Amino acid sequence: FGAAGRYRRKIQMSDLGQRRIGVVGRGTAGWMTAAALERFCGPRFDVTLGILRSETNTRSEPREFVEEVEGEEDRPIRQTTRFMTLPITSSLRFYPLSRGVRISELAWVPAKPTPYMGVGAGVVPYRLQQEGDFVDRLVLSIFTDDIGSKGTGWTAHALAGLDHWLTPHVAVNLEARYALGSGSPEDDFR
């Protein structure tokens, strides 16, 4: 553990209905990138293999605690939480409308907007890390630490989207997913 300090409980009647943790500054900052391979499986079905990497950084502080520093204003007790996921998924897409007109064995004219829906599943490697100052509620002290967990969970999803073909070889894709997943924390979070 790092440096220890004194604290006092900071709570008011108006705080009772609020969450115990406040997000500091602009909230959560993050990014993601994705790639997918798609295999044509007939006029109405495709199978895709996708990978997506996302990472978020969130600064937060417990609302009910502050650090008392003699001769200074009370300081907030702050942590930074980083969460990275790397889902690897396979999906089955169903196209309810025609995707275009086949002209020959090697040529076809795509329909401009092509809606689809589908389902899928996969695995999700993840890493969770928190660093900063923490309050030990049992011994009433502040300590600095860097704690983390990593592992692999599962995911399942339903999706809907639209392919808009610009040329017979180039399309713009818009997709929305509803995903469920689960994983068990390891290491410092047990």
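Student: Are Phe 134 and Phe 143 buried or exposed?
Tutor: Both Phe 134 and Phe 143 are buried, where buried means under 20% relative accessible area, exposed over 50% and partly exposed in between (1.4 Å probe, protein chains only). Please note that this is a predicted model, in which local features need pLDDT of at least 70 and side-chain atom pairs count only at pLDDT 80 or more, while totals for chains, interfaces and linings use all residues. Residues are numbered from 1 along each chain as its sequence is written, and side-chain values use heavy atoms, with hydrogens and water left out.

Student: How many aromatic pairs are there in the whole structure?
Tutor: The search finds 3 aromatic pairs. Rings of Phe, Tyr and Trp (its six-membered ring) pair if their centres lie within 6.5 Å; planes under 30 degrees apart count as stacked, over 60 as edge-to-face and the rest as tilted.

Student: Why is the pair of Tyr 95 and Tyr 116 called tilted?
Tutor: The planes of these two rings are at 50°, so the pair is tilted; the centres are 5.3 Å apart. This pair links distant parts of the chain, 21 residues apart: Tyr 95 is in the loop between β7 and β8 (100-102), and Tyr 116 is in strand β10. Strands here are DSSP runs (E, at least two residues), as are helices (H or I, at least four), numbered from the N terminus. Both Tyr 95 and Tyr 116 are buried.

Student: And what about Phe 134 and Phe 143 as a pair?
Tutor: Phe 134 and Phe 143 form a stacked pair, with 5.8 Å from centre to centre and 25° between the planes.

Student: Which charged end sits over the ring of Tyr 116?
Tutor: That of Arg 93, 4.3 Å from the ring centre. Likewise, the charged end of Arg 99 sits over the ring of Tyr 95, 4.0 Å from its centre. The rule is that NZ of Lys or CZ of Arg is within 6 Å of the ring centre and within 35 degrees of the ring normal.

Student: New topic: how many helices and strands does the chain have?
Tutor: The chain has 0 helices and 12 strands.

Student: What share of the residues is buried?
Tutor: Of the 190 residues of the chain, 29% count as buried.

Student: What about contacts between residues at least 6 apart in sequence?
Tutor: Among those contacts, 68% join residues at least 24 apart, contact meaning heavy atoms within 4.5 Å.

Student: Where does Phe 45 lie?
Tutor: Phe 45 lies in strand β3. With a relative accessible area of 35%, Phe 45 is partly exposed.
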